[in-house]
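Colleague: I have a few questions about this fold. Shall we take them strand by strand, then turn to the core and the backbone?

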Amino acid sequence: MSWRKDDEERPDSDEGDEELDENDYKTQKDAVLFAIEVSKSMLKPPAATGDKKADKDSALTAALKCAYQIMQQRIIAQPRDMMGVLLFGTEKSKFRDDSGNGTGYPHCYLLSDLDVPGAEDVKKLRALVEDDEDEDEIMVPSKEPVIMSNMLFCANQVFTTNAANFGSRRLFIVTDNDDPHAGDKQAKSSAAVRAKDLYDLGIVIELFPISREGKKFDLSKFYDDIIYRDPAAEVGELGGPKTSKAGDGLTLLNSLISNINSKQTPKRSYFSNLPFELAPGLTISVKGYIPLNRQTPSRSCYVYEGEEQAQVVQSETAQVDFAARTVEKTELRKGYKFGGEHICFKPEELAELKQMGKKTLRIIGFKKRSKIPSWASVKKSLFIFPSEEQYVGSTRVFSALWQKLLKDDKVGIAWFVARENAHPVMVAIFPSGNPDDEESNTPYLPAGLWLYPLPFADDVRSVDHVTAPARPADELTDQMRQVIQNLQLPKAMYDPRKYPNPSLQWHYRIVQAIALDEEMPESMEDLTLPKYRQIDKRVGGYLAEWKEMLAKKASDLQNNRAFKREFEDDDDERPAKRAKPTKKATSGGGGPANSNADLKKAFEQGMLGKMTVAELKDIMASKGISTAGRKAELVERLEQWIEGNL
């Protein structure tokens, strides 16, 4: 859905929804072009160390595999994003369908043009990295030194032609050469000019350096003049780009994937430039984000599989009446049924009805953090971050508020309207600590302020809480404490990033197999399953002891209850059970009495069936047995009780 430049209002929607779905704000379209250097050092295989975890692929192969895996991830996670692969430093040259051997950009080979990745692109890249099918001799380094200005100008043309209007355009350079133009100042100056051209177009250059054999990648030799860093985006990232190292036990492929995933697509804000009124006359602007959201399979299109090759279905929507006539938009009226009649409204009247005030975030007071109960959460929290676009100095004021709330352990209570046509909400403004602090229990969440939606009075139900009385610690509790302590997660902390949704991954794995003509997987990898062997190794002995102790406790408790029951049955101080003895019980005729011994004797002699219904009910009531039913049912129920308890 398109938005206006000022991001204040959304265009008229035919659906009439009061609020946009939060998925519309999740991300913006991203275009990524991998620029991978082909050189002798990049093709050099790592030295054999005998370590199973050591690198086995060359730096070039690892970079191509990384691009292949990132392409697979993008197809699933961001199906509208573009991605391409450009090799530079190659003997052959190619730019798109140029049959002139790429004379415009010498030693640059556009392996995959910048576009939404398709199945054929993935297959082509997979054949190159996994099957080692280099029939065209693409990965042959040039004899002449690489000219970085040509590569940057080639990337410029790719972006301006294929992704001119994308909100995010990035060039990922993967190389192990920190000084491609050693001693050539003119070549360095030309490359810096080309990099400045990319920066002016809004294209961000990200460097992923590779170091080997203990040699440090020195950015000051060349790349400090190429990369334009955003200080606000690199807070806490000291030392510049992360360097991928080979031969240290961590594979180069995993290191590259980790570093590239850390540069994920910039998130589009849930709302932008929202006025944040701290006090009368003191207003700053903030942006809102949804860092945590439930992952579900998203369907971007329909696919027809009736032919040899699957094709995307072009769908059309039309509104028709009972006569199957297409209804024009001008004929539609929106309204509500009230009192048996339909009341129609004009579009401007509906817009006025939905108007609940301008979008704002206004603090109306403060409370102790302990005053906000955990059950008061009605929606997911929003993360807000200062924006200097509307009010200069918003970052300083925002930081002061965050530090004050953390210091005093308080939260702000605010009136919140996210957009012009959104419902107003009462929120608590919670501060989150720095992820690096030891007291922070969420290192995967950023430090800042969170909007915690609070329920209105109508949202709170009156529920009678039935709480069990607190039990004192006993031997079983102490023994189980040892089990729990030995099953703690690393640093006693749960990180959701380490446990992907297994059902979602399985869904996308099936889609990938269908699209790439791969074999259907037989089982899925579920990282949420408990590690039973490790659990048994850590606490197997403790659990065995706990089970023995539990069995002993249960046996003792059962014996105590049986003894207490028999003691109560033989107690003469119970007139309710002895007030009206039967004639058979007192006449010495051998009839059973209420004692367990006489009852068992009557059962063995078969005398229970000769008792009256009143006598049976009297005995069964004293034993806590149900007295409902006919005589035959009573006798059967009493016999079952005697067999199980006496």
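Colleague: How many bridges join β1 to β4, and how do the two strands run?

Modeller: Bear in mind that this is a predicted model. β1 covers residues 30-37. Its pairing with β4 is parallel, and the number of bridges is 7.

Colleague: Which residue of β4 is the bridge partner of D30?

Modeller: D30 lies in strand β1. Its side chain makes a polar contact of 2.6 Å with the side chain of S168. The bridge partner of D30 in β4 is also S168.

Colleague: Is D30 buried or exposed?

Modeller: Buried requires a relative accessible area under 20%. D30 has 0%, so D30 is buried.

Colleague: Which element gives the largest share of the largest nonpolar core?

Modeller: That core has 35 residues, and M151, L152, L171, I173, I205 and Y223 have the most contacts inside it. The elements giving two or more residues include β1, β4, α5 and β5. The largest share is 7 residues, and it comes from α4.

Colleague: With which residues is M151 in contact, leaving aside its neighbours within four places in sequence?

Modeller: M151 is one of the residues with the most contacts inside the largest core. α4 spans 148-162. Beyond the sequence neighbours, the contacts of M151 are A35, L86, F88, C108 and I173.

Colleague: How many residues does the second, separate core have?

Modeller: Its members include A63, C66, L111 and V129. C66 has 1% relative accessibility, so C66 counts as buried. The size of this second core is 30 residues.

Colleague: How far from C154 is the nearest cysteine sulfur?

Modeller: C154 counts as buried because its relative accessibility is 0%. A disulfide needs two cysteine sulfur atoms within 2.5 Å. C154 is in no disulfide, and the model has 0 disulfides by this rule. The nearest cysteine sulfur, that of C108, lies at 5.0 Å.

Colleague: Where is N273, and what is its phi?

Modeller: Most residues other than glycine have a negative phi. N273 has a positive one. N273 sits in strand β7, residues 271-279, and its phi is near 55 degrees.

Colleague: Is N273 buried or exposed?

Modeller: The limit for buried is under 20%. N273 has 13% relative accessibility, so N273 counts as buried.

Colleague: Where is D409, and how does its accessibility class?

Modeller: D409 is not a glycine, yet its phi is positive, near 55 degrees. D409 is in the loop between α8 (394-408) and β15 (410-417). Its relative accessibility is 40%, so D409 counts as partly exposed.

Methods:
Residues numbered from 1 in each chain as written. Predicted model: local features only at pLDDT ≥ 70, side-chain atom pairs only at ≥ 80, totals over all residues. Heavy atoms only, no water. Helix = DSSP H or I, 4+ residues; strand = E, 2+ residues; numbered from the N terminus. Buried < 20%, exposed > 50% of the residue type's maximum accessible area, 1.4 Å probe, protein only. Polar contact = N/O pair within 3.5 Å; in protein donor to acceptor, adjacent residues only side chain to side chain. Core = buried A, V, L, I, M, F, W, Y, C linked by side-chain atoms within 4.5 Å. Contact = heavy atoms within 4.5 Å. Pairing = 2+ DSSP bridges.
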